[in-house]
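Hi everyone, thanks for making time.

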Amino acid sequence: MGNTYRDIPSLMHHKERELFLECLRHAPDGDCVDLGVYRGSSAAMMCDVRGTSSGVWILDNGCRAVRTSDKSGIDDALRRLKALGYTPKALRQNSFDPPPDGIRVAALSIDTDHVGEVVAKEMDCWRPTLVPGAIVLLHDCNKKEFPCLVAEVDRRFTEPEWEFLGQAVSLRAYRLRGEVA
Ligand SMILES: C[S@@+](CC[C@H](N)C(=O)[O-])C[C@H]1O[C@@H](n2cnc3c(N)ncnc32)[C@H](O)[C@@H]1O
């Protein structure tokens, strides 16, 4: 087996990975954005399915940096991703800071703070960048561990513009309704 996302240690259950990959395969054209990178596992899955030419963006603010010398918290993941031949664009910022100008997002993965207020800010910030048919993947939607996160996700994603695609363990997938261009 060649170099793939499987070479990066993952915090995701294999069933979550399957749903993640399946949704990415069916996402419309556009950029992919990974909010919360850590070791780079979810980012590598994005690169693996989409290729990096269509634009894979990885974002982390470093609050869970792997090493203290890794001030950005993203450099370590970037090194791993580059070693696998992936070249995503890195954003060293908070998940709710303004997105890059002109970005058109087809797939958004959210795996950051696991707090209701934060996911609310993230969606306020990134929702305007989503293209019709865009996929949103939310990790750690686990009521016992993260009740506030789940309450906010339940509230926001039951709006009629969202279609529920499925849940695997604690990964939820939604699709923004609308005609894919
Ligand atoms: C659970 S890990 C991400 C795991 C990754 N998605 C994977 O599958 O391997 C969470 C990451 O989010 C980052 N983080 C937490 N809150 C953040 C925020 N508000 N903005 C940006 N990054 C954040 C942490 O530094 C950490 O690297």
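Okay, look at what sits over the buried residues of helix H3: the cover includes helix H2 (41-50), strand S2 (56-59) and strand S3 (89-91). Keep in mind as we go that this is a predicted model.

Which residues of H3 are we talking about? In H3, residues 75-83, the buried ones are Ala77, Leu78, Arg80 and Leu81. If you look down the axis of H3, those buried residues fall within an arc of 160°, so they line one face of the helix. Over on the other side of H3, you'll find Arg79, Lys82 and Ala83 exposed. And after H3 comes glycine 85, with a positive phi near 90°.

Now, the sheet. Seven strands make an open sheet with mixed pairing, and the order goes S3-S2-S1-S4-S5-S7-S6. S3 and strand S6 (162-168) are the edges, each with a single partner strand, so each has one side left without a neighbour in the sheet. Ignoring direction, neighbouring strands here are turned by 15° against each other on average.

Let me pick out one pair. Strand S1, residues 31-35, pairs with S2 in the parallel sense, over four bridges. What is the bridge partner of cysteine 32 in S2? That's valine 56.

Then there's helix H1, residues 14-25, which lies across S4, S5, S6 and strand S7 (171-176). H1 runs at about 150° to S6.

Two loop residues next. Most residues other than glycine have a negative phi. Histidine 114 has a positive one, near 60°, and you'll find histidine 114 in the loop between strand S4 (105-110) and helix H4 (116-126). Is histidine 114 buried or exposed? It counts as buried, because it has 20 C-beta neighbours inside 10 Å. The other residue is aspartate 140, not a glycine either, with a positive phi of about 65°. Aspartate 140 is in the loop between strand S5 (130-138) and helix H5 (147-157). With 22 C-beta neighbours inside 10 Å, aspartate 140 counts as buried.

Last stop, the ligand. There are 22 residues around the ligand, and the ones that come nearest are Gly36, Ser41, Ser42, Asn61 and Arg64. Sorted by class, that shell has seven nonpolar, ten polar and five charged residues.

That's my tour, so over to you.

Methods
Residues are numbered from 1 along each chain as its sequence is written. This is a predicted model: local features need pLDDT of at least 70, side-chain atom pairs count only at pLDDT 80 or more; totals for chains, interfaces and linings use all residues. A residue is near a molecule or strand if its C-beta atom, placed from the backbone, lies within 6 Å of it. Ala, Val, Leu, Ile, Met, Phe, Trp, Tyr, Cys and Pro count as nonpolar, Asp, Glu, Lys and Arg as charged, and the others, Gly among them, as polar. A residue is buried if 20 or more other C-beta atoms lie within 10 Å of its own, exposed if 12 or fewer, and partly exposed in between; C-beta atoms are placed from the backbone. The arc is that of the directions from the helix axis to the C-beta atoms. Two residues are in contact if their C-beta atoms, placed from the backbone, lie within 7 Å. Two strands pair if DSSP finds at least two bridges between them. Axes are lines fitted to C-alpha atoms, for helices over the stretch in contact, and angles run from 0 to 180 degrees between N-to-C directions.
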